[in-house]
Amino acid sequence: MAKHFSERIVEFLGDPKYRPMRAPKLARAMGIADAHQGDFHDAVDALRRSGRVVLGSNNAVSLPHRGGQIVGVFRGNPRGFGFVVPDEDTAHGDLYIPEGETLDAVTGDRVMCHVFSRGKRGGKPAFGGRIVEVVERGNSQFVGRLHQNEKIWYVEPDGKALHGPVLIGDPGAKSARQGDQVVIELTQYPRDGKPARGVIIERLGDRNEPGVDLISICRQFHLPDEFPKEVISETRSLAREFDPDALEAERETVEQLVITIDPDDARDFDDAISLRRLDMGGKRPSKKKKTTGRRTATAAAAWELGVHIADVSHFVRPGTALDDEALERGTSVYLPGKVIPMLPETLSNGLCSLQEGEPRLCKSAFIRYDADGNVVGARFANTIIRSDKRLTYGQATEILDGKRRGFPKPVVDLVMAMNELARTIRQRRLNDGMIVLELPDVRLILDADGKVIDAEPEDTSFSHTIIEMFMVEANEAAARLLHGLGVGYLRRIHPKPDEESLEAMARFVQASGIKMPKKIEPHDMQKLLDKLRGDPESYAINLAVLRSMSMAEYSPKPVGHFALASENYAHFTSPIRRYPDLLVHRSIDAHLAAPKKKNRKKAGKSDDAAASKALVDVGKQMSYLSRRAESAERELKQVKVLTLLSNEIGEEFEGVVTGVTNFGMFVQHPKYLTDGLLRIEDLGDDWWDVNTRTGRITGERSGDTFALGSKLNVRIDQVDVSGRQLNLILADQPAKSPSRRGRKDGRSASGGNRSGGPANSRGGPRNGPPKHTGKPGTKRSSSPKHVTKKKSRGRRARKR
């Protein structure tokens with residue numbers, strides 16, 4: 001029967017009027033009877049597996065691109081190959097580009113590719129590509145260190161976007177000297193084995209000077225610098241004209257006790273909390289077995305939570321220089337030792353910061369809950385608040401732990417009530433399918449020169465969870481309101497993992513000896529994580545679950561948030577530092593400004609196709625800027641940690657395996673949580689079976705097995721700060737030759753290529769390079785394509 005449906009589905013999808021939709025909606029559109037739903041979905045799955053249909057980002061079904069050419073963004077690998085991420089959904093996903101077929105493309109370029117078949121891998125069709133044109137350069141400016149080799153001057157670029165040296169014809173430009181960090185503009189891209197050429201456009205200073213690592217990252221990621229003069233001028237005018245007393249008549253005054261809870265060093269307080277118990281009028285709490293958090297009018301309200309968010313939309317108006325700059329920046333960037341704000345500090349740390357005792361304008365969400373934590377009602381209002389007390393997370397934790405001396409009793413009572421409601425909400429969301437990962441994070445401690453001197457685990461006390469739960473609830477309430485109004489708005493979406501990713505996760509989990517159901521639901525994931533909490537396998541399973549998920553993004557598409565088990569979700573709670581939140585505030589403003597209740601549903605509603613497209617474009621821009629900020633923060637942390645570890649060559653530590661690739665595995669430093677590469681050839685004298693699907697490397701002769709989550713004693717062998725790479729060897733192995741050991745001048749040991757980061761990361765390509773390269777030490781076999789056998793000479797590896 002499933003085969004009978006296949007041709008009907010393909011024919012229906014081939015109609016020029018067809019628009020991609022998810023399988024359940026497609027079934028309804030095709031008039032599939034309920035009795036045949038199972039066969040229909042089996043047919044869709046069979047077509048997907050054969051490559052005849054593809055699933056988009058929201059699992060919408062469509063035909064694959066058949067033109068033989070695609071356009072997408074190129075991501076290069078130091079070993080010469082790369083991947084192209086197509087602009088449109090395709091049957092092959094990210095397209096593998098072999099070495100020698102990349103033209104002169106570098107990471108970030110939009111390219112046109114010719115697609116060709118590579119047979120089958122793992123029983124599925126595999127594709128490769130050949131870049132035939134660079135459509136648009138993604139970047140022409142790079143940061144790196146200036147070197148001299150006899151009469152040849154060159155720059156070794158930082159990071160992994162541009163691989164190989166860039167020859168410099170005029171090294172004296174900008175008074176640069178050997179060893180300086182510089183910004184270069186490419187005049188010729190690398191091609192056919194010839195290196196790139198460029199000119200120096202800015203000297204940043206000696207790499208070892210304080211602050212040079214910070215400014216290098218800012219230039220590398222093209223982060224904004226000072227605010228333009230017109231933006232500062234507008235901000236000063238807003239500060240002069242601000243008169244909260246004149247606005248009281250237009251706004252609701254919050255008379256309840258209001259507090260803020262933030263990190264010790266926070267200066268931009270953009271959220272505050274109030275909470276009160278309600279008289280339930282003798283009504284008994286709801287006893288529903290399953291709750292969803294949706295509005296349930298029959299339940300009695302037991303709580304009213306007030307989430308008060310700085311009303312940035314009052315100050316930042318469309319069409320102003322301030323708004324244009326905020327849109328251009330998109331988000332605040334939080335780097336170790338520096339914050340690059342989205343808004344000038346006069347606003348972010350002043351007028352919009354909910355400082356203790358100061359009158360401040362807010363958008364307030366008042367959400368009512370029954371005793372089980374179900375939402376029974378919500379409203380929004382423009383308000384004025386005065387924060388009664390500023391608490392740090394540490395102080396809130398002290399109150400929760402019973403150390404309450406020195407805190408006013410009303411504040412203590414409020415914190416305890418917040419704790420009670422937050423735990424109830426959290427349990428409700430877990431019942432709904434919310435996924436909570438337990439992966440460690442650290443806070444770097446810097447000295448006055450910005451160098452790392454220590455690291456400490458991030459605080460994970462429940463005081464953080466309280467605020468997190470309340471912010472999620474307010475975000476969801478804002479999305480629920482706008483969705484109900486039929487308003488087009490910028491959502492924060494997190495699509496459900498595709499079947500291939502879930503299958504990969506299930507394979508790994510089952511290889512660890514843990515049973516998984518055939519059809520995996522969010523509850524199954526969380527049940528698994530809860531069951532393993534505290535066990536040795538817990539870290540590896542958390543990683544596997546994380547890597548099965550797609551990345552969250554901004555989009556007006558009506559897609560929910562998978563990890564939060566939310567049907568409609570948006571960012572509302574941080575307009576000081578995120579532009580999407582500001583857009584949501586403006587949409588709510590349009591609703592609140594509607595004079596009559598019957599007109600409120602029409603407020604902000606638009607069928608304008610141009611407006612819809614503009615929202616899609618803004619979503620893409622905000623997603624990019626958010627990822628850029630996260631990448632810059634992550635890379636500067638890595639630079640600072642590698643700089644510290646470059647002085648600890650030969651030091652040993654017990655690390656955890658966080659990634660398995662066909663050329664080795666990545667082991668994480670327990671204190672600084674940076675990953676180092678332990679290569680296959682350094683594992684010991686054996687034939688090593690590498691199975692990237694299950695995350696395992698097994699010695700054919702010894703039986704030794706290294707798996708994701710395994711603990712290993714390793715030694716720091718080499719640090720390449722420019723290449724962002726830490727090389728490791730097993731602790732019981734001798735150090736490498738002096739010519740390689742301990743290099744930290746930005747050049748790899750061979751003076752050329754550098755290896756990439758952990759494989760199988762979120763959003764990573766699914767089709768990899770050929771596993772059998774014919775290089776010495778590689779044993780060809782009839783093993784599956786995801787399994788590689790490699791010969792390693794030396795002392796046998798030890799596993800813990």
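Student: Over which ring does the charged end of R423 sit, and how far is it from the centre of that ring?

Tutor: This is a predicted model, in which local features need pLDDT of at least 70 and side-chain atom pairs count only at pLDDT 80 or more, while totals for chains, interfaces and linings use all residues. Residues are numbered from 1 along each chain as its sequence is written, and side-chain values use heavy atoms, with hydrogens and water left out.

The charged end of R423 sits over the ring of F462, 3.8 Å from its centre; the term requires NZ of Lys or CZ of Arg within 6 Å of the ring centre and within 35 degrees of the ring normal. Likewise, R329 places its charged end over the ring of F227, at 3.7 Å from the centre.

Rings also meet one another. Rings of Phe, Tyr and Trp (its six-membered ring) pair if their centres lie within 6.5 Å; planes under 30 degrees apart are stacked, over 60 edge-to-face, and the rest tilted. By this rule there are eight aromatic pairs. One of them joins F81 and F83: the centres are 6.0 Å apart and the planes stand at 90°, so this pair is edge-to-face. F81 is buried (under 20% relative accessible area, with a 1.4 Å probe and protein chains only), its value being 7%; F83 is buried too, at 9%. Ring pairs link F81, F83 and Y96 into a cluster.

The rings of W688 and F706 have centres 5.6 Å apart and planes at 50°, so they form a tilted pair. W688 belongs to strand β30 (residues 686-691) and F706 to strand β32 (residues 705-707), so the pair ties together parts 18 residues apart in sequence; strands are DSSP runs of E, at least two residues, numbered from the N terminus. Both W688 and F706 are buried.

Terms used:
Buried < 20%, exposed > 50% of the residue type's maximum accessible area, 1.4 Å probe, protein only. Helix = DSSP H or I, 4+ residues; strand = E, 2+ residues; numbered from the N terminus.
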